[in-house]
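Okay, thanks for coming, everyone.

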Amino acid sequence: MAMFLLFLAWRTFLCVSCHFYIPDLPVKRYVKPGDINIGAIFPIYSYDKVKPCGNQLRSTVILQFIEALVFAVEQINDDNSILPQASLGFVIVDDCLKETTTIAQSLSFLPQPNTCTCNDTCSSTNGTATPAYDVIGVVGSMKSSNSIAAATLLGPAHVPQISYASSSDELSDKILYPYFLRVVPPDRFQVEGIVSLIQTFGWSYVSVVYSEGSYGELGFKNLKQRMEELGMCIGTSHKVAEGSEPSEYDKVALELKAHGKVVVVFSGPTHAKQLFSAVKRASDLKRYIWIGSDGWAKRIKNLAEFWEVALGAFTFTFYSEAVPGFTEWFQEKDPLSENDPWFKEFWESQFACSFDPAIGNLCDGSMKLSPTSFKPVSTVTPVMDAVLTFAHAAHALLQESCPDRNGTDARGCITGPGLLDQIQKLSFMGNNGRVSFDESGNLLGRYMVEQLVREGDSFKQIPIGVYDCERGILDFLFNNTITWDYFYRAADADIPESVCSKPCLPGEFFIQKEPRCCWECKKCRENEYIVQNGTNCAPCPLYWWPDVSTKYKSCIEIKSTFLLWGEPLSIMLLFFSSLGVIATTIVFVLYIRFNSSKCIKASSREMSYLMLVGLFLGFVTVVILISPPSWASCQISFFCFCISFSWIYSPLLTRTSRIFRIFESSKRSTKRPKLVSPKSQVIIASGLILIQVAICIAITFIYAPSPKLSMPVRTERYVEQSCDFTLPGLASFLSYNLVLVVVCCFFAVKTRKLPDNFNESRFISMCVYTTLVLWSAFIPSYFTADRQYLKTVMLSIVLILNNIVALCFLYIPKIYAAMYLETNTVMPAGSTRFARSTTVTNISVNTERNANFLQVQPINP
């Protein structure tokens, strides 16, 4: 673009007697000749889209930049240690912040040939002749795109150029701009500072508004690249051109609403003013956190009517210290005696007066510049350092090459290449610190970070930090308290947020969207952990669970649980099993005590003792079932469970069948039934028990019970350790036990019509019926339970209930009869009281022989 502008300028400008004619080019120039001169370019008048310049001052602040150069020149001329051989002069021109105007004005600083020719069209060209000035270098311009336009023209002519404000990284290209230097850091360091600020406050989603041209476009390019490297995102970006209509800014303001709170404005003051005006029209006050580049940060006074919008804005400016004496020197200026051609306009604008009596409100001598009437700006100091740089370089060149030349003769010794070489070797203390240039012609300084705050009825920028470019590291040191009172923020947040998507909570994975700072969070299942850098979930292995300490990024093994002795259920089961053991022991002792009782003899004592062993084993089995699972406890509990039930119902079946056979045989003959002796009964019962023992041994070998882990629900953090009583194993021995109970039930039904005074069959019937009900309820409940500890509890409960039922129906009545009824039958002869209350009848069972097998039972009271 710069080459195109240069070509266009050469095609437009016509040469007549070595002068150029530019229509409507400002004729005002501030010239103070010296033995050697420097040129200067400042944006003094306003921008015009059609003409080279507008017709009014851009701002009153720009006069301080002009006078800073004048002040520096006067100081150098008064200092015999700098450039004593020649006086320094200057030529100041206005480029109105327009690139084509910059080129036109720069033509005045080109070296002039000894002869010049002209074509025939020169005489007919209307315009203002631009005089040529002999300068050793040029200070300027302010805007980067204007400096590029000037450097494109001055560089090939070997005229060194030092900018006091242009920071575009494009100007660091020494191939395109070999004679360009600057006394401010390039934008890439400002970008580093801005990114550092964004990182410090945890913002990851910002919007950017930047100006058209080298300054804004390269600043945006570097900002975007740096933010992408650090994983931050730009939600929306907008380029605004010089002279854009308000409607264009309204569109920008509308687009900003849909994105983050932080907005980086990389532009000059005009663009910033228009943007804030649009935001004010959109009533978006207190919505945005503005981060301003140096292009408008130190000219924030121009935004006076929009300070309310920009409140809290963080701004970056070149670190610039006020020069002692400059403010006083500037305040003492008299507009009537001032040679500055723009000073009267400045004065009229500053005091709202006029030097033309016809207009009114005449400017008079009572009007003085004071701290209350104008605000000094410290950013003019780089202008002074640029002038000092030329002076020191010219001084060094003259001392090295022409120490004997003085006055105007010294000018012939100063050449562009020689002066550039001296500038690049310089190192001196300027007004802002040490001045020295790197191989790209850049001075690595510092940035001041400030925040716009309200103080009473006025506004003020307070420093909050410094970013040091020379150190090359992100060193952001806050030295003032930052206020967040101007922004909306969450009630529990100290700092406002500016994110597209909040970080996913532990246990959530994200679905990436565009831009990369935006995503959607989805919760993993309870048993899943985060994989693939947080973008997916995967189930943990069986018996493992996501680890909270690693934020669900790995799995840990679940600690298995089982019934503990101290748990309420275990205590309850232990209590009842202990009572069962005690009750069984008491019954056993009483049976021995009343071993010769007729009612106990009639109930098959041998079978009763065998059943007591089974009952005792059943209660003990409960204790083993609720013990911690191990290989030994699983084997023992399984075997005991199998045997204890059979040990009860095998003798009961033998006993029930004996009763049935005796009474059935008595109806047909007087012959004694086979296998009804105590010895036969013991052998039969033992055989039935041994069958179950064989089944248990076979199951133990085929389906060995052993400790196992189980996780009933994969999405629940619960793992049980229990004994694995396999389904085939349980079915095998339960089937056998069920057969015993069913057969017992059959004989109980068959013996239901025995004589009323024989109660044994009734108690057996009630026992087996109750057992059937218990096990009918237990079996479906057991196999449908989803917790192993519930199965263990149900096994234990059914064992306890089954044994208690057997004790109650088969033993308690016998003990009661032995203890109370039989002892009460021994009464004096002729006692009618006992005869009326209790009847003891001996039933003759056909033969006296059968009476030896079956004793007659007394009727219960």
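Let's start with C524 and C537, which are both buried, and buried here means under 20% relative accessible area, with exposed over 50% and partly exposed in between (1.4 Å probe, protein chains only). A disulfide joins C524 to C537, S to S 1.7 Å; by disulfide I mean a pair of cysteine sulfur atoms within 2.5 Å. The torsion about that S-S bond is about -60°, so the link of C524 and C537 is left-handed.

Quick word on where this comes from: it's a predicted model, where local features need pLDDT of at least 70, side-chain atom pairs count only at pLDDT 80 or more, and totals for chains, interfaces and linings use all residues. Residues are numbered from 1 along each chain as its sequence is written, and side-chain values use heavy atoms, leaving out hydrogens and water.

Another one is C233 with C517, their sulfur atoms 2.1 Å apart. This link of C233 and C517 is right-handed, with 90° about the S-S bond. C233 is buried at 3% relative accessibility, and C517 is buried too, at 4%.

Then there's C402 and C413, a disulfide with sulfurs 1.7 Å apart. It's right-handed, at 85° about the S-S bond, and C402 and C413 are buried.

C640 is buried, at 12%.
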